[in-house]
Amino acid sequence: MKYVGIYSQQVGNNIKSLLLLLCFPLIIVGLVWLFFFILDFLGGYDYANVPGRGMVYIADSHLEFVTYMALQTLPWIAGIVTIWFIIAYFTNTSIIRHATGARPLERRENPRVYNIVENLTMTCGMDMPKVNVIDTPELNAFASGIDRNSYTVTVTTGLCDCLNDKELEGVIAHELTHIRNKDTRLLIVSIIFVGIMAFVLNLTTRMLWNHLIWGGGNRRRDNNGKNGAGVLIAMVVAIALAAIGYLFVLLTRFAISRKREYMADAGGAELCGDPLALASALRKISGNPALANVERQDVAQLFIVRPPYASQGISSMLDGMFSTHPPIEKRIAYLEQF
C-alpha cells in the first residue's frame, strides 16, 4: 500500500466539511417541519391563526398551518444553533484540552518529542504544530485544530515512556498526516454537530422523564387531561425526531471517519519511512488505550486508538453502534503489507 494523492485527500475533506455545513441545517429544517406535521396528524391542534385568513380550521389547511408554524420556529432554532456552532468552532481547542486533561508540553521538559515533531514537519514541509501532553500511564495520541494557529499534536506520558523512538515517530507521523489531510477540521465540524443533536436528544428525554415523574398531578388537574396528553405527545414526538436526527449525523460521521484512519496510517508510514514501527506502536497502544478521564465519545474519536468511554444515556448507546475506527488488527495487517 502506498500513500498517494494528499492534495486530493485535502480537497475531498474540505468538500465533506462544506457538505456537513449544508446538510445539517437541512436536517434541522426537516425535523422541525416534521415535528409540527406529526403533531397536526395526531390532533394536537384544532384551529390556527393563519396570516391573511384569520382563524382557520386545521382540516382546511393542514400543510399551510404546519409550514407556517415551522417558519415561525426556525429563526429561533437557527439562531441558537448558529451561536452554538460559532462558539464551539472557535473554542474547540480549550474544550478538547478540558475534556482530555491535556496541557502544553515544554521543549525543555521533553526535547525527544519536540525533536521528532520538528524533524517530521521539516521532512513534509509543514508548519510546526503545538505539542500537548496528557499525564497518564495509558498509551494514546491524537491531533486536533482547525487552522495553523490551533493545530496540535497530543501524546500521553505513557506513550512516550513505552514506545521507542521509531515507534513514537510513526505515531506522531500518523497524527501529522491527519493535520495535513485536513482531517482534524472535518472532525471538529462533525463533533460540534453530533454534540448539538446529542444535547437535544438528552434534553428531550430528560424533560419527558421529569414530566412522567413529576407531572402526574398537573395532568389530573388539566381539563379532561387533554393538555397533559398533548404535552406528552409533543415530548414523545420530539424525542423520536431528535433520535432520528442524531442517527443521521452519526451515519454521516461514520461515513467519513473509517477511511481517514487508513489514510493516516499509510501517510504516517510513508512519512516516517518505517511502516512496521507504526504497526508495532499500534499493537502496544491497543493493549492499554483507555483514558479514565475521557468520557466524551465525540472527543474519543480523535485518538489514534479509540479509548472506551463511560458516559451514559441514549446518545451514548447510539454512538456506540457506529465505531469511527476500523479494527486495529486490520490496520496493523495493512501496515505489514508495505
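This is a predicted model: local features need pLDDT of at least 70, side-chain atom pairs count only at pLDDT 80 or more; totals for chains, interfaces and linings use all residues.
H6 covers residues 165-180. Of its 16 residues, 13 are buried, so the helix is largely enclosed by the rest of the structure. At the start of H6, a side-chain oxygen of Asn-164 reaches to within 3.1 Å of the backbone nitrogen of Lys-166.

Next comes the partner of H6. Helix H10 comes within 8 Å of H6, axis to axis, and the two cross at roughly 90 degrees. Angles from 65 to 115 degrees count as roughly perpendicular, and H6 and H10 are therefore described that way. The residues that make the contact are these:

| Helix | Residue range | Contact residues |
|---|---|---|
| H6 | residues 165-180 | Lys-166, Glu-167, Gly-170, Val-171 |
| H10 | residues 275-286 | Ala-277, Leu-278, Ser-280, Ala-281, Lys-284, Ile-285 |

Sorted by class, this contact has 5 nonpolar, 2 polar and 3 charged residues. As a reminder, an α-helix has 3.6 residues a turn, so residues three or four places apart point the same way.

Finally, a look at helix H9. Where does Ile-239 lie? Ile-239 is part of H9, which runs over residues 226-272. Is Ile-239 buried or exposed? With a relative accessibility of 14%, Ile-239 counts as buried, because the cut-off is under 20%. Ile-239 and Thr-205 are 34 residues apart in sequence, while their C-alpha atoms are 6.1 Å apart in space.

Technical notes
Residues are numbered from 1 along each chain as its sequence is written. Side-chain values use heavy atoms; hydrogens and water are left out. Axes are lines fitted to C-alpha atoms, for helices over the stretch in contact, and angles run from 0 to 180 degrees between N-to-C directions. Helices (H or I, at least four residues) and strands (E, at least two) are DSSP runs, numbered from the N terminus. Angles under 35 degrees count as roughly parallel, over 145 as roughly antiparallel, 65 to 115 as roughly perpendicular and the rest as oblique. Contact means heavy atoms within 4.5 Å. Ala, Val, Leu, Ile, Met, Phe, Trp, Tyr, Cys and Pro count as nonpolar, Asp, Glu, Lys and Arg as charged, and the others, Gly among them, as polar. Buried means under 20% relative accessible area, exposed over 50%, partly exposed in between (1.4 Å probe, protein chains only). A polar contact is a pair of N or O atoms within 3.5 Å; within protein, one must be able to donate a hydrogen and the other to accept it, and residues adjacent in sequence count only if both atoms are side-chain atoms.
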